Amino acid sequence: MKLVRGFGSLRSQLVLSYMLISVLVLSAGTYYVYSFMLNQIRAQNERLLLQQFQQVDHNIHGVVSEVDRLSNLFWLDEQIQYLLQNISDKQDVDFVNYQNLLQNRIESFIFNYNYIHSIYLTAEKQGVVGGNAVQTLVQTEEEWVRLFFQSDAYLESQREFPKLIVQGNVKESYYNPYRTGASDATLVSMLRGVRSVYEPRTSGTLIFNIDEHYLASVYASDLRPEDGAMYIVDKQGIIVSGSSKDKIGTASAFVPQREGADYGSRNEKDRNVQLVYYKLQDAGWYILKEVPLRLYTDQIYKMQRAIALFFIASLLIMFALSYVWLRKIMKPLHVLSGKMKDMSRGELGVTFEHVPDNELGTVIRRFNEMSLSIVELIDKNNSMQEQKRETEIESLQYQINPHFLYNTLNMVRWMANMKKTDDIERSIVALGNLLRPVFSSKDPMCELRDELAYLTHYISIINMRFNDSVEFDIDVDEATAACLVPRFILQPLVENSIASGQREEEQEIFISIHAESDGEELRIVVSDSGKGIAPGLLEQLNRSLASGEAYESAGGGSGIGLRNVNSRIRLYFGEQYGLRFVPRDRGAEVVVRMPSLTVND
């Protein structure tokens, strides 16, 4: 307990606050230095990667340009031109007759340029003939022909003639069905439309294939696995070449169409890598490198540890000095702190018996004056509030509209002159039942069922006056009927419905009273079938009820009954409760809101 009280003292709180601020400054400073250095290292690494990417781009562009030159030499060769001219002259060409011719030319090219994997030549809608240095084959299968001549690469090569089109992620078995399993290499195909020099239109497609291993050696031959991975992706983000062969043909985390930039980087937090990308000159491809973030942080951790040791040492020294200094200052204030704690626990009127004659004595004297003044002000305020509440409630309870009693008595006099004695007797009995609660109980609250019983007597008298032209419906269940409400709040609402709802005394009107409770709030809805309230007047009535100002009721009266009911509810339960009129297509509707209370609450 002493330890807990020690940490609760003002002295300890100041020491802890000082230490907390120091720790926060330490943390923020360390984080800032760490982030700054990490960003610097990343920026430097990105500059180095940019230079590396530019060199790779140059090398790959050199390969593509060399293949472009070789393919031009190949299709302009005299024997190949002879073949292309025959293809142009004939509707149906037997590629087998030209197999030996092509084999000789393919062997010559692949022997001199060993990075070329295979060469193929297609004839329009007929098939493909070609192969590598050791094998030449003819592919004329109808389904393959249909698929090839409808492929995007073929159509682009014809459309962009004589431009070389680069296509990645092509399997060798696509051209040579005998290649399966481990022998099925991944190729990079470079296509161009070709024709006889004597013909104006293309008559075939020349395809130079490069092994993906050769392309990967251009940029990833010296890459260690711990330094990350490098890939080349096409326009759709599909990996066409990479240092990790098992990912070729899969979708990468980078999609060029979404990024839109030629060069940049982003962090892949789920894989703890930085992804750097660069757009190549050819085919709209991008080269990517995934750099593990740990490569950046090793040096940062060393520097961070040194900074942390320096700050911790400084923090310990500052803590020792501040503790001695604050203890000396806080000792005379310790007693004052204890007294203030007593006041915070509700012990009002706490004072000091001994007041020192120094600056601290001035603070203590002011504390004594404040403590006694608080007690005096609280007592005075409580007394004033209680008197005000009793006065306002008493005043509101006595503000009963006298015209109802006058009308009732006038009705009794009229019945005495015009009708039999039985009617007069019933009227007087109903009036007595109606006035009995006014004089028999001073309790400001009653159950809703008692208020409804009082309203029933009032309704009886009203129907005697209006020849039973007013019809009432009361919809209240037993649980809701047990809720407590202020006395005499429904009669003014019903009276307002009758006064504003009837154009003539003989006109029939239907008034409904519905109440419901959700356990937290009681809602009483009084609605009628009368002429209703104009939208502008309804808005004015709601504003007046919310502000407590006087207003003219819908029936042309002063509205004192509704205002008194609204004011009493707000005095009892708070300004968030009271009356509010609700728009209706026909008639008027007022909603009464108050807390849901019972005699057991």
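Visitor: Is Glu589 buried or exposed?

Guide: This is a predicted model, in which local features need pLDDT of at least 70 and side-chain atom pairs count only at pLDDT 80 or more, while totals for chains, interfaces and linings use all residues. Residues are numbered from 1 along each chain as its sequence is written, and side-chain values use heavy atoms, with hydrogens and water left out. Buried means under 20% relative accessible area, exposed over 50%, and partly exposed in between (1.4 Å probe, protein chains only). Because its relative accessible area is 19%, Glu589 is buried.

Visitor: Which residue forms a salt bridge with Glu589?

Guide: A salt bridge puts a side-chain nitrogen of Lys or Arg within 4 Å of a carboxyl oxygen of Asp or Glu. With closest N and O atoms 3.9 Å apart, the partner of Glu589 is Arg584.

Visitor: Is Arg570 buried or exposed?

Guide: Arg570 pairs with Glu575 in a salt bridge, N to O 3.7 Å. Glu575 is exposed, at 65% relative accessible area. Since its relative accessibility is 19%, Arg570 counts as buried.

Visitor: Which strand gives the most to the negative patch?

Guide: Such a patch joins like charges within 9 Å, from residues with over 30% relative accessible area and no salt bridge. Its members include Glu471, Asp473 and Asp475. Strands are DSSP runs (E, at least two residues), numbered from the N terminus. With three residues, the strand giving the most is E13.

How values were computed
Patch = residues over 30% accessible without salt bridge, like charges linked within 9 Å, V, L, I, M, F, W, Y side chains within 5 Å. Areas by Shrake-Rupley, 256 points an atom, 1.4 Å probe, with all protein chains shown as cover. Lys, Arg positive; Asp, Glu negative; His and termini not counted. Charge placed at Lys NZ, Arg CZ, Asp CG, Glu CD. Helix = DSSP H or I, 4+ residues; strand = E, 2+ residues; numbered from the N terminus.
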